[in-house]
Amino acid sequence: MSLKAYNSPHFHAKLAKLAAQAQCRLIVSHFYSDPSMTKPAAAVCEKAAQLDRQQAVMFCEDVAFELMLAQVQDGDTILPFFISPALQALAHYDDEMHSELVKTLQAYLAATCNQVETASALFIHPNTLRNRLQRIQELTGLDLKDAQTCFKLAASYKISAYLKAQQL
């Protein structure tokens, strides 16, 4: 199988259908062609299986961040320090102003910073989205057009979700 085929939605759909027919969960380790990678791939699958995910098909690369977080000693104490203070500031602002800046930022990051896709996902006008993004930048001082900033914010959301899922 080629890497292109491995990443295709068709292959992912085939795996989901297979898992449903077999009434099981599939954990896919990684795309590799070197047989010496089988043992480490199996170890990664084993760790991924321990995550509390209810997906019929789980690709280890999709949960890599969660796997790394699970390895942090004293995660409940240490991990909150890796969450951007901008998220807390935006949540506080949303509570006070009854706005949706946190939801907007999450959607923007999920859409890989594509404004047209974000506006569509939120069912808002593109100008409304631009206004919200501008307000986020004014409140936080962050440049939402900077890839590193967006990566840090997305990582912060992942860490927050992990802590919440682990009830930490």
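I took a nonpolar core to be a set of buried Ala, Val, Leu, Ile, Met, Phe, Trp, Tyr and Cys residues joined through side-chain atoms within 4.5 Å, where buried means under 20% relative accessible area, exposed over 50% and partly exposed in between (1.4 Å probe, protein chains only).

I noted that this is a predicted model, in which local features need pLDDT of at least 70 and side-chain atom pairs count only at pLDDT 80 or more, while totals for chains, interfaces and linings use all residues. Residues are numbered from 1 along each chain as its sequence is written, and side-chain values use heavy atoms, with hydrogens and water left out.

Helices (H or I, at least four residues) and strands (E, at least two) are DSSP runs, numbered from the N terminus.

Next I checked how α7 (residues 101-110) lies against α9 (residues 126-140), and the two pack at an angle of about 105° with their axes 10 Å apart. Axes are lines fitted to C-alpha atoms, for helices over the stretch in contact, and angles run from 0 to 180 degrees between N-to-C directions. The angle makes α7 roughly perpendicular to α9, a label for 65 to 115 degrees, whereas under 35 is roughly parallel, over 145 roughly antiparallel and the rest oblique. On the α7 side I listed Leu-101, Thr-104, Leu-105 and Tyr-108, which meet α9 residues including Leu-133 and Ile-136.

I turned to the aromatic rings, where a search of the whole structure finds two pairs. Rings of Phe, Tyr and Trp (its six-membered ring) pair if their centres lie within 6.5 Å; planes under 30 degrees apart count as stacked, over 60 as edge-to-face and the rest as tilted. Tyr-6 and Phe-11 are tilted, at 6.0 Å centre to centre and 35° between the planes, while Tyr-6 and Phe-59 are edge-to-face, at 5.7 Å and 80°. I recorded that this second pair links Tyr-6 in helix α1 (residues 3-6) with Phe-59 in strand β2 (residues 57-59), 53 residues apart. Tyr-6 counts as buried because its relative accessibility is 4%.

Notes: Contact = heavy atoms within 4.5 Å.
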